[in-house]
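Please open the model in your viewer and follow the selections below in order.

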Amino acid sequence: MKNTSPLPRKRGRRHPLAGVALMILGLFVTGGAYAATTAGIASAETQTVDAASLVDEGGKLFLANCASCHGTNGEGTDAGPSLIGVGALSVEFQVGTGRMPMAASGPQAERKPPQFTQPQIDALAAWVASLAPGPGMPDPKYYAADGDAANGAELFRINCAMCHNVAGAGGALTEGKWAPGLADVDPIHVYAAMVTGPQNMPVFNDMNLTPEEKNDIITYLAYLDEAPSVGGFTLGSLGPVAEGLFVWIIGLGVMVAIAIWLTAKSN
Amino acid sequence: MAKKSGGDSHDYSYEPEVGAAVVPSDQASNPGLPPERPRITDMDEKFEKQAERRIALFFGLSIVGSIIAAVSYNAFPITPGDVLSTRLNNLFTGLGITIGLLGIGFGAVHWAKSLMHGHELVEERHPVRGTDETREVAAGMFTQANKESGFTRRSLVRNTMIGALLATPIPAVALFRDLAPKENPNDVLKHTMWEAGTRLTRDPSGVPIKASEVTIGSAFHVIPEGLAEMHEHKLEEKAKAAVLLMRLPVEDLNEVEERKSWSYEGIVAYSKICTHVGCPVALYEQHTHHLLCPCHQSEFDVSNHCEVIFGPAARPLPQLPITIDAEGYLVAQSDFTEPVGPSFWEREL
């Protein structure tokens with residue numbers, strides 16, 4: 001009887017991994033084709049529109065994207081509150097920071113990449129503003145970040161730091177809500193948030209913090225974004241919590257390791 | 001019980017008296033010290049050379065570190081007003097010095113552990129008790145001193161001396177007691193700057209607040225009129241008088257009958273000082289009407305007179321009764337009706 005060695009791998013005309021390779025090639029082709037065609041659609045030309053058609057365009061966008069939760073006339077449903085009277089500034093904040101359209105229902109909407117272009121946001125804002133009077137867009141000089149950073153820092157510490165952390169690193173609130181970090185936030189959105197009081201943030205109207213004071217606060221936040229931290233690594237600007245973690249685990253760990261090494265017998 | 005004889009007895013075995021407790025047959029015996037383990041640097045010359053090179057490396061790194069520290073102090077100059085230049089200078093100079101010192105430390109310790117004399121030495125403990133002759137001499141000294149001074153015999157001088165020594169620290173009690181503040185702390189804690197007619201003003205500017213400026217969902221940080229201009233005891237007064245002013249929709253406010261007059265058209269004012277340990281409670285959630293203290297997460301429900309709904313606080317936040325004056329500015333009707341802030345011993349509950 002001939003010595004039967006294990007059979008060699010069957011060699012056909014196709015490599016055994018040919019099927020897998022074909023699948024991957026197909027996925028790339030279809031994905032690439034889709035990306036190419038949608039890129040073509042997305043690069044629409046900017047259209048100059050007058051005020052009335054801006055409101056109309058906003059209405060169409062609203063019906064397509066927002067009405068399922070906010071009602072066809074912005075009157076609100078069980079899923080979303082009424083938008084009558086929230087003003088153009090609320091829309092600029094919520095849609096401009098990407099919070100709306102909300103990704104999933106929950107205690108708070110999170111900041112994410114905006115889903116609309118700026119002309120579309122302006123159109124939505126114009127339509128919502130047409131429903132009822134509400135906070136409108138401020139004079140750009142009030143969010144130019146050229147105010148008094150020291151005064152802004154004092155106002156920030158008194159009014160904002162308890163939720164947003166003294167360095168604007170954000171903080172936790174109750175039951176799944178949080179105060180977001182303020183790093184790299186557009187000045188207009190900071191202004192809008194103060195005026196409109198999104199979700200559970202309190203309202204800081206222009207009589208509580210004057211527009212000049214709001215500009216000072218925005219100046220302080222811009223200073224925080226630019227200035228290097230005085231004490232070295234910020235560790236998230238969480239103060240004693242992060243520093244304590246570092247010292248107790250790394251610092252004390254190294255000291256314990258050295259103490260053990262000092263008294264251990266050399267091998 | 002077998003008594004160890006005095007002197008150099010190293011007998012560790014225990015022999016019980018006949019008729020005493022039961023002796024177990026598997027009584028543990030002293031195993032002695034573990035056998036000595038030789039070091040690898042003593043056994044193999046290759047490892048000895050390796051250890052030598054390692055120690056030399058540590059010392060060499062130390063030299064390099066010291067040079068880095070000296071050079072980088074000038075290589076990263078500090079320009080006034082530029083925080084980053086200070087950080088870089090500190091970082092590299094510090095790193096250089098650290099490496100310089102740690103290099104010497106690690107090198108010296110490794111030399112001692114791996115290369116220096118490696119045999120284990122055991123030094124036996126000597127017994128603490130002295131010889132009987134020494135003890136008799138020592139006892140005799142005390143007896144002689146007692147006889148010569150008359151300490152035991154002369155009771156009058158001895159007792160009056162002890163009395164005088166005990167009386168000496170008594171003035172210290174009077175002196176240190178005077179370090180405490182002059183005011184009765186109960187009076188200080190039970191009253192704040194708020195009085196009938198004191199206007200509510202913004203923090204820190206001190207500008208009075210009109211009721212029409214407080215819109216629904218607003219949160220104003222409030223200090224009493226006059227605090228912004230104070231110079232003496234400003235922070236002590238602010239620590240008791242700080243108030244948070246909020247406006248809720250009237251239908252959301254559930255007020256008890258006695259306190260219906262304490263708010264004004266949905267505008268309510270509560271002490272900012274947490275009743276747990278005294279942190280400022282100002283994390284106001286506009287829609288849930290919850291007030292959170294960030295320190296220990298006590299939660300207060302503003303729509304129900306700031307009753308505690310979560311956390312370690314024991315009492316609701318004290319409410320400041322407010323109303324408006326003739327010009328429409330918000331004013332307090334009186335001081336708080338209970339002490340603000342955490343509990344203290346004399347506080348009436």
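Select B:Arg202 and then B:Val222 in strand S2 of chain B, its bridge partner. Strands here are DSSP E runs of at least two residues, and helices are H or I runs of at least four, numbered from the N terminus. This is a predicted model, in which local features need pLDDT of at least 70, side-chain atom pairs count only at pLDDT 80 or more, and totals for chains, interfaces and linings use all residues. Residues are numbered from 1 along each chain as its sequence is written, while chains are lettered from A and ligands numbered from 1 in the order in which they are written.

Strands count as paired when DSSP finds at least two bridges between them.

Next take S3(B), residues 243–247, which is antiparallel to S2(B) and joined to it by four bridges. Here B:Leu245 stands opposite B:Phe220.

Now select residues 219–224, S2(B) itself: five of its six residues are buried, so the strand is largely enclosed by the rest of the structure. Buried means 20 or more other C-beta atoms within 10 Å of the residue's own, exposed 12 or fewer, and partly exposed in between, with C-beta atoms placed from the backbone.

Zoom out to chain B, which has eight helices and 10 strands. Of its 349 residues, 22% are buried. The C-alpha trace spans about 100 × 75 × 55 Å along its principal axes.

Finally, show both chains: 24 residues of chain A are in contact with 30 of chain B, contact meaning C-beta atoms, placed from the backbone, within 7 Å. H6(A), residues 149–159, gives the largest share of chain A's side, three residues.

Technical notes. Contact = placed C-beta atoms within 7 Å.
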